[in-house]
Amino acid sequence: MSITSFSFALFIAAILLVYYFLSPRAQNYWLLIASYAFCISWAWTFALLLAAITLVNYVVARRLDTTRSTRRRWLGFGIGVNVFTLLVFRYAEFFVAELVALLRAWGITGVTGALEILLPLGLSFYALQAISYLIDVSRGQIQAESNFVDFALYMAYWPKLVAGPIERARTFLPQLKQPRVVDNEQLANSFTLIVVGLVRKIVIADSLASLIPPQTFQAGSRAHGAEAWLWLIVFYFFLYNDFAGYTSLVRGVSGLFGIALAPNFNAPFFARSFSEYWTRWHMTLSNWLRDYIFMPLSRALLRRNPNPRNLLNLSVPPIVTMLVCGVWHGGTANMLLWGGMHGAFLFAERIPAFWRPHIPAHKFPAWRQALAMLSVFGLTLIVLVPFIMDVPTTWSYWQRLVQFGGSFALNARVLILMAPALALDWMQYHYQDELVWLRLPRFAQAGLLAAAILVLFLILQSDSGVPFVYQGF
Amino acid sequence: MRCLQIRKTLRLKIPFGKTILLAALFLLIAVGALEGAARVIAAQNSTIVPSVGSPHRQFEISLARLDAFARSGRVDCIFLGSSVVYRGINPDAFGEAYAAVTGQPLRCFNLGIQALTASTAGKLARIVVQDYRPALLIYGTTAHDLSAAADAGAVSALEQTPWFAYRSGQFNVEGWLVEHSYALRYYLVQRDWMKQSYAEYVSDTRADEAAILPNGFNPRRGTNLTSGKPLTPHQRRRLARLYGQFAIGSAHLQGLEQLLGLNSPETRVLLVEMPIHPQLFDFFPNGKRDYDAFVTTVERAAAAHQVPVWRALPADALPDAIWYDMGHMNAQGAEFYSRWLGRGLGEAVVNRKIPDPRRLALER
């Protein structure tokens, strides 16, 4: 069930209708049933795995809370189970291909179908949630959840199941303990997020995706110079609006149930440094990486050598963190290259710390801030190439980016679609409020809403819909 | 202030949703203005061919041509069929030959749709008869139309479109909107404006618009066969797939029955076998015997509905110059075959074997 489908809208309506009439406790049961029904609508095996992971983490967390002496062992076991499951399913594709080749070499055929493993829905996201929960419990930052239904709902809550946001137990679980209220303000906020999400996904992202020529990012493509840059920028805008649209949509839907989900994006194209970029792009993942990889690693290195200007202390945490990010995104050579380069940028940004204290970006003059924005956008754009292509194709694409010559006409349709995308971000950035639309006069709000509905209807007449990119992670 | 409260969760102060109501009002005004503008354009400029949201542009252009044809006078007869009809029936030549025998002119339209199968033809015939009430509906058929392996492609997608479903009796809001809104029909022409393939689509559309005559016929000049070119591997594969294990598809037979069921005193249905290239028999596993089995099936179905079947001239009696390729006739062939058909039909009317379509039209 795709979350931009009509059947999904009906699903939400049906669940809401019952939800509002239930007591807070019963609401949790109801949401859990709905979450598993949603999961089963993709595949019942996905639900089975989710239930198994949930049960293991619930038991391990309870152990962590009660047994001090074996805490480390239980934590290791819990993290191990999550990481192992993630790796098995994430990398099954490679292992299975190798195994099938080996079996064929031995003359054993006809087993391919039996070995096919599909990456379970949302596993990459709920596995990280489970790990963060176990670590927080072991650190004593939160108590292990005693109510199994609440914990199961934390893991399976359907609006965030497909592709996050990666929620923390410390913010999510308390919401399940108290009565949820959906008042006029909450309803307005939710509808705004839903409309913005639909516009980003259907109007901007899907339309931009259908503009990119099919072979552009494949080996053998002849796009070069300005054309290669243009399609790369278009892909960047597509990727961003696809994921930001998805997040906005599910946060809006969740708001209708009175449950707040964390934001994932905050105008990332306006970032003035790489560290700022990662506080604006896929925020729940980067916060997770910061809290559970970067910070522990930094602390460990500082314990070894307390000098903050030490080369290892400055270089290892960002590079390792971003390599882990690359592993999470697929672990292929190109993803490691992507993560490694982002790590290198983050490290490069810390180099001035050798001779001067850190100066926050907003203290620079406006022209330097603008230049910094352009630099960050440009460099993250170049690094996007390995995010899309394998290493040999990446190398060839990078070469083609600097091969200018030949004629290329700028596609006006690209500008028509990128303008509203930038406008949405600029409003959010300028007013520091993603719900800035609600501050406009009622006439303007209604006009924008009418325009959004009309454009959505018209765009939906074309069959250019593409699945959410991060749905595959 | 009044409040709508459901248990403790939903607490809405009343009135709520003012912005949504205002947006609905704006939407209504905008849609009304767009619809008005579209209707003015439609009245003043008939060169833009609207769309019903189907992926089959030729079908849409032909449908628009039929609409214009009906506006400019009565529609005595409509030819329905696949590309074999689209390329192979010249309605003007047919009408002239008919008039030469009966002394009565006959105004006909060619609604040949590329790749149309009998299954879709049955549904389409119902819409066409309902909208244009022709005195004569002539279905030009070939073995392709009933082949279980017929590649429906865009035609089966055509059946899936909301408008087609709506017109076939399955109510849906989108289909209703397309049927009643000029603005939407005009927008649908441009609906893929953001797709990479849009430029190609526009040029194909323009070529089709220029080529399809006001009577729906799209003639092809010359031939692809006499130049000694053998069939391309793709063509050979396609023909082998269509006829290599020839069997009549049940959905197609059902469609044919549906079409034959439209035979009534108001609209006479006539089944016409379209000519077949002699070499095409080689693709059937049992040659001409398989083809004859197809004809027998069609004749049996037609007889059940008292629909006359007009057999084509034997393959070996057809001159070589009439073929564009192995499946389709060229302009010369269309002229030749349409005149032969018009004469034959005229004689049948004169001899009272078939009711006079002109009289039927006038009686209505």
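# A tour of chains A and B

Start with both chains on screen: 25 residues of chain B are in contact with 29 residues of chain A, where contact means that the C-beta atoms of two residues, placed from the backbone, lie within 7 Å. Select strand 2, helix 1 (18-44) and helix 10 (182-189) of chain B, the elements that give two or more residues to the side of chain B that touches chain A. Helix 1 of chain B gives the most, with 7 residues. By class, this side of chain B has 13 nonpolar, 4 polar and 8 charged residues. Here Ala, Val, Leu, Ile, Met, Phe, Trp, Tyr, Cys and Pro count as nonpolar, Asp, Glu, Lys and Arg as charged, and the others, Gly among them, as polar.

A word on what you are viewing: this is a predicted model, in which local features need pLDDT of at least 70 and side-chain atom pairs count only at pLDDT 80 or more, while totals for chains, interfaces and linings use all residues. Residues are numbered from 1 along each chain as its sequence is written, and chains are lettered from A and ligands numbered from 1 in the order in which they are written.

**Stop 1: a sheet from both chains**

Select strand 2 (residues 10-13) of chain B again, with strand 1 of chain B, and you will find an antiparallel pair with 4 bridges. Strands pair if DSSP finds at least two bridges between them. Helices (H or I, at least four residues) and strands (E, at least two) are DSSP runs, numbered from the N terminus. Together they make an open sheet of 3 strands in the order 1(A)-2(B)-1(B), with mixed pairing. Strand 1 (182-183) of chain A and strand 1 (3-6) of chain B stand at the edges with a single partner strand each, so one side of each has no neighbour in the sheet.

Which residue in strand 2 of chain B is the bridge partner of B:Ile6? Click on B:Leu10. B:Leu10 is also the bridge partner of A:Val182.

**Stop 2: the other sheet**

Stay in chain B, which has 16 helices and 7 strands. Five of its strands form an open sheet with parallel pairing, in the order 4-3-5-6-7. Strand 4 (108-112) and strand 7 (309-310) of chain B are at the edges, each with a single partner strand, so each has one side without a neighbour in the sheet. Strand 3 (residues 77-81) and strand 4 of chain B run parallel, joined by 5 bridges, and B:Cys77 stands opposite B:Cys108. Next, show helix 4 (residues 91-102) of chain B, which packs on the sheet and touches strand 3 and strand 4.

**Stop 3: two helices in chain A**

Move to chain A and select helix 11 (residues 184-211) and helix 12 (residues 225-255), which pack at an angle of about 155° with their axes 7 Å apart. Axes are lines fitted to C-alpha atoms, for helices over the stretch in contact, and angles run from 0 to 180 degrees between N-to-C directions. The residues of this contact divide into 17 nonpolar, 9 polar and 4 charged.

**Last stop: A:Leu289**

Finish in helix 14 (residues 283-304) of chain A, where A:Leu289 is found. Is A:Leu289 buried or exposed? A:Leu289 is buried, with 21 other C-beta atoms within 10 Å; a residue is buried if 20 or more lie within that distance, exposed if 12 or fewer, and partly exposed in between, with C-beta atoms placed from the backbone.
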